[in-house]
Amino acid sequence: MIGSLKGIIVSKSPPQLSIEVAGVGYDVEAPMSTFYALPAVGQSARILTHLVVRDDAHILYGFATDAERALFRSLIKVSGVGPRIALAILSGVSIDAFIVCVQQQDSATLIKIPGVGRKIAERLVIEMRDRVGATLTPNADSNLPPGSPAAEAFHAMVALGYKGPEATRLLQAAGPGTQSTEEIIRRALQRANRE
């Protein structure tokens, strides 16, 4: 699978962009949120990708952040939601706004997104409820460097069942001076046990 592309932006015509990597041009479909984050045509960029293989085509979808790609991957697992509707959702609302809609069971806001009807909006609210808590949290960890002990500790706390904001609060309470992921998690859990 193609996980990411780094190259020169050749063209941008939403929802499609072309990026040239080592002399090979890739056509990628992307949500508007990704287009807003891309540099101008002729500039270098790196995008995360998801490859969808169909009988008649191989289609690359591109994203500016891990959170966008994670939400896209969760959305296309929902019955009746394909890549086109998933892109429309990512273009129509921010990740945080989508999470709030699901948590508050606000299908009315989702219906306003082009391509999302009442049945799909209700299905999204129901089927995404558990996924939002488990894998999609608001960007509480967006300021953490990827692969850093703090980021790894954050993801471990979420995997243990803590919500994003709560995990962030506990990790911040663990205090500075902690170096390893294990030490950060240990201090955060000690803090949680004292509360």
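**Reading a Predicted Model, Feature by Feature**

Biologist: Which side chain does Arg 54 meet in a salt bridge?

Modeller: The partner of Arg 54 is Asp 56, and the N to O distance between the two side chains is 3.1 Å. Asp 56 is classed as exposed, because its relative accessibility is 61%.

Biologist: How many salt bridges does the structure hold?

Modeller: There are six salt bridges in the structure. One of them is the meeting of the side chains of Arg 84 and Glu 29, at 2.6 Å from N to O.

Biologist: Where do Glu 122 and Arg 118 lie?

Modeller: Both Glu 122 and Arg 118 are in helix H6, four residues apart, which is about one turn of the helix. Their side chains meet in a salt bridge of 3.5 Å from N to O, and Glu 122 counts as partly exposed because its relative accessibility is 34%. Salt bridges that share partners also join Glu 183, Arg 186 and Arg 187 into one network.

Biologist: What describes a pair of aromatic rings?

Modeller: The distance of the centres and the angle of the planes describe such a pair. A search of the whole structure finds two aromatic pairs. In the pair of Tyr 61 and Phe 72, the ring centres are 5.2 Å apart and the planes stand at 35°, so the pair is tilted. This pair links distant parts of the chain, with Tyr 61 in strand S5 and Phe 72 in helix H2, eleven residues apart. The other pair is made by Phe 63 and Phe 72, whose centres are 4.9 Å apart and whose planes stand at 45°, so this pair is tilted as well. Tyr 61, Phe 63 and Phe 72 form one aromatic cluster.

Biologist: What is the relative accessible area of Phe 72, and is Phe 72 buried or exposed?

Modeller: The relative accessible area of Phe 72 is 0%, so Phe 72 is buried. Phe 63 also has 0% and is therefore buried, and Tyr 61 is buried with 2%.

Biologist: Which side chains tend to be buried together in soluble globular proteins?

Modeller: In such proteins, it is nonpolar side chains that tend to be buried together. In this model the largest nonpolar core has 29 residues, and those with the most contacts inside it include Leu 75, Phe 98 and Leu 124. The elements that give this core two or more residues are S5, H2, H3, H4 and H6, and H6 gives the most, with six residues. Leaving aside residues up to four places away in sequence, Leu 124 touches several residues, among them Leu 75, Ile 89, Leu 110 and Val 116.

Biologist: How do the side chains of a regular strand alternate?

Modeller: They alternate between the two faces of the sheet. Here five bridges join strand S1 to strand S4, and the two run antiparallel; Leu 5 stands opposite Ile 47 in S4. Six bridges join S4 to S5, which also run antiparallel, and Leu 51 stands opposite Leu 60 in S5. S4 and S5 form a hairpin with four residues between them.

Biologist: Where is the place of Tyr 26?

Modeller: Tyr 26 lies in strand S3, which spans residues 24-29, and it counts as partly exposed because its relative accessibility is 26%. Not counting residues up to four places away in sequence, Tyr 26 touches residues including Leu 5, Leu 17 and Leu 60. Its C-alpha atom is separated by 9.7 Å from that of Gly 7, a residue 19 places away along the chain.

Note on methods. Residues numbered from 1 in each chain as written. Predicted model: local features only at pLDDT ≥ 70, side-chain atom pairs only at ≥ 80, totals over all residues. Heavy atoms only, no water. Buried < 20%, exposed > 50% of the residue type's maximum accessible area, 1.4 Å probe, protein only. Contact = heavy atoms within 4.5 Å. Phe/Tyr/Trp six-rings, centres within 6.5 Å; stacked < 30°, edge-to-face > 60°. Core = buried A, V, L, I, M, F, W, Y, C linked by side-chain atoms within 4.5 Å. Pairing = 2+ DSSP bridges. Salt bridge = Lys/Arg side-chain N within 4 Å of Asp/Glu carboxyl O.
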